[in-house]
Amino acid sequence: MYKSEWNVMEKLEPMITGEALRERMTVHPIYEKEIKSESQAVRLMHLSDISSFYLPSDMSVEIYTKLYLAMMKSMQKKESKLAVIQRNVNAKNLRAEVNETGISFDGVLGGSDSFSIIGCSGIGKTTALSKAIQLMGGDKVIEMENPYSKIIPVINVQCPFDCSAKSMLFAILQKIDTAIGSNYYEGTVRSRSNINTLLISTSQVLLNHVAVLCIDEIQNLIKHRAGMQLVSMLTELLNESGISIVFVGTPEIEPFFESVDYLARRTLGLTYGRCAYNHYFKIFCKELWNFQYVSKESKLTDEIINWMYQHSAGTLSHVIFLFQTAQEMSILDGRECVDLNVLEDAYQRMRMLHLHIQPEVRIKKTASKRKKETTLSLENYQIQEKEKSNEEIKKEGSDMILENLGEIGDEEWSFCDMAKIAKKNHRNILDLLQGKISVTEIEV
């Protein structure tokens, strides 16, 4: 290993792996069992602490590892000869832009170590990213020598909702000023720099002071027509600064990144879906279940765990909401327990998410040789049951109608008689007329 790399590693926080990493990332709210004997007001106020509960998963470990390696590689670049060349190129381009002469955007360092973190909303990717940044130093500033500079391990900004390139660059400069006490943002605003000058100067500041730039809510790119312009700006920023850029967003951004090869190459990385019904989910529920604020302690059963998964669609934030809301309702109405009835009531408060959460109903069917278990969605199950009931009602109604129609001959029937029979048997008159005359229904 080169000497410069040793200098970098000495200044970074040591990399954590294995069970030590999981323990450091785990967050349990402050809780004492004596809280159960407190008044309703005290328990309700402390109940909100459940929202801070976090149990790291394999996703958390991967995000930390990927982010740490990207930071290390970016830091190693800053002590290389290529970094000196890139600073000179940026300074030359900045002078050319100020003097309104031709400039050439040359990326010497490159940004091949950039990647993306894409996952469904509510699975904990932003929390995992925040925990990883804390373990990597957080707001701690690293002082480097030859040349002397203050470097921030990771800064995190959000993609502007209007995809404004200037807003993004200003947000980056403000984060840097807050961390190292500089005044880059004020100086840029006073100089009224155009977008090209602002881009070059921000690239130089990132090269000097930042190792990794995380851009959250990147899916905003597809919600505004200026999204492609912001992507072009970020590509130039990546090439001119040479730092690692991490794109964090939801799966709806994937088709956008896949549409162009240079975007796909720079956004290869980690992709996650909702949590599966596995050992981690069961451990998550068991750990969360320990934080009960109701006076009567309830036991966690496999039935409740299965119910929690079915009514959360594997989204961990929904599990926490259900458990917290169930306790809140139980404390207020005096039930003082957490059972399936209380959880069902809590689930009704999530009715805006019911379209995105489809619990499953398990129905056992007997095969010729052995029993098999098939899983139907609740929607399909309800449709089948409705069809069965309609067929039975239709059959019963048809028998009754045939008895009534027996009194009316084919040549003696009238619309008034048909209307009376339809009203008496609660049937559609069109069904009765089908056998008498040609009927065509027109949808309006």
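1. Overall make-up. Of the 444 residues in the protein, 44% are buried, a term that means under 20% relative accessible area, with exposed over 50% and partly exposed in between (1.4 Å probe, protein chains only). The model is a predicted one, in which local features need pLDDT of at least 70 and side-chain atom pairs count only at pLDDT 80 or more, while totals for chains, interfaces and linings use all residues. Residues are numbered from 1 along each chain as its sequence is written, and side-chain values use heavy atoms, with hydrogens and water left out.

2. Secondary structure and contacts. The protein has 19 helices and 8 strands; these are DSSP runs numbered from the N terminus, helices being H or I of at least four residues and strands E of at least two. Among contacts (heavy atoms within 4.5 Å) with a separation of 6 or more, 74% are between residues 24 or more positions apart.

3. Aromatic pairs. The whole structure holds 14 aromatic pairs. Rings of Phe, Tyr and Trp (its six-membered ring) pair if their centres lie within 6.5 Å; planes under 30 degrees apart count as stacked, over 60 as edge-to-face and the rest as tilted. The pair Y280 and F284 is tilted, because the ring centres are 6.2 Å apart and the planes stand at 45°. Both residues belong to helix α13 (residues 279–289), where 4 residues, about one turn of the helix, separate them. Y280 and F284 are both buried.

4. A pair between two helices. W307 and Y347 are edge-to-face, with 6.3 Å from centre to centre and 80° between the planes. W307 is in helix α14 (residues 302–310) and Y347 in helix α16 (residues 340–348), so this pair ties together parts that are 40 residues apart in sequence. W307 counts as buried at 9% relative accessibility, and Y347 counts as buried at 7%.

5. Cluster and charge. One aromatic cluster is formed by Y31, F53, Y280, F284, F291 and Y293. Elsewhere in this account of rings, the charged end of K66 sits over the ring of F115, 5.4 Å from its centre; the rule asks for NZ of Lys or CZ of Arg within 6 Å of the ring centre and within 35 degrees of the ring normal.

6. The largest pocket. Rolling a probe the size of a water molecule over the atoms shows where empty space is left. The largest pocket contains about 330 Å³ of space. On a 1 Å grid over the protein atoms alone, a pocket is an open set of points with protein on both sides within 12 Å along at least five of seven lines, whereas a cavity is a set where a 1.4 Å probe fits but cannot get out; lining residues have an atom within 4 Å of a point. Grid points are joined across faces, edges and corners, and a volume is the space filled by probe spheres set on the points. The largest pocket is lined by 22 residues, of which G122, I123, G124, T127 and S317 are the closest to its centre. Two or more lining residues come from each of α6 (125–135), β5 (244–249), α13 and α15 (316–333). The lining divides into 9 nonpolar, 10 polar and 3 charged residues, where Ala, Val, Leu, Ile, Met, Phe, Trp, Tyr, Cys and Pro count as nonpolar, Asp, Glu, Lys and Arg as charged, and the others, Gly among them, as polar.

7. The second largest pocket. About 240 Å³ of space lies here. Its lining includes I123, R274 and Y280, and divides into 7 nonpolar, 3 polar and 2 charged residues.

8. Cavities. There are 2 cavities of 30 Å³ or more. The largest cavity holds about 80 Å³, and among its lining residues are L221, F247, F257 and R266. Helix α10 gives the most to this lining, with 4 residues. The lining comprises 7 nonpolar, 2 polar and 1 charged residues.

9. Two buried glutamines. Where does Q292 lie? Q292 is in the loop between α13 and α14, and at 2% relative accessibility it counts as buried. Leaving out residues up to four places away in sequence, Q292 touches Y31, K36, E297, S298, F323 and Q327. Q204, in helix α9 (residues 195–209), counts as buried at 17% relative accessibility. Beyond its neighbours within four places in sequence, Q204 contacts Q86, R87, N90 and A91.
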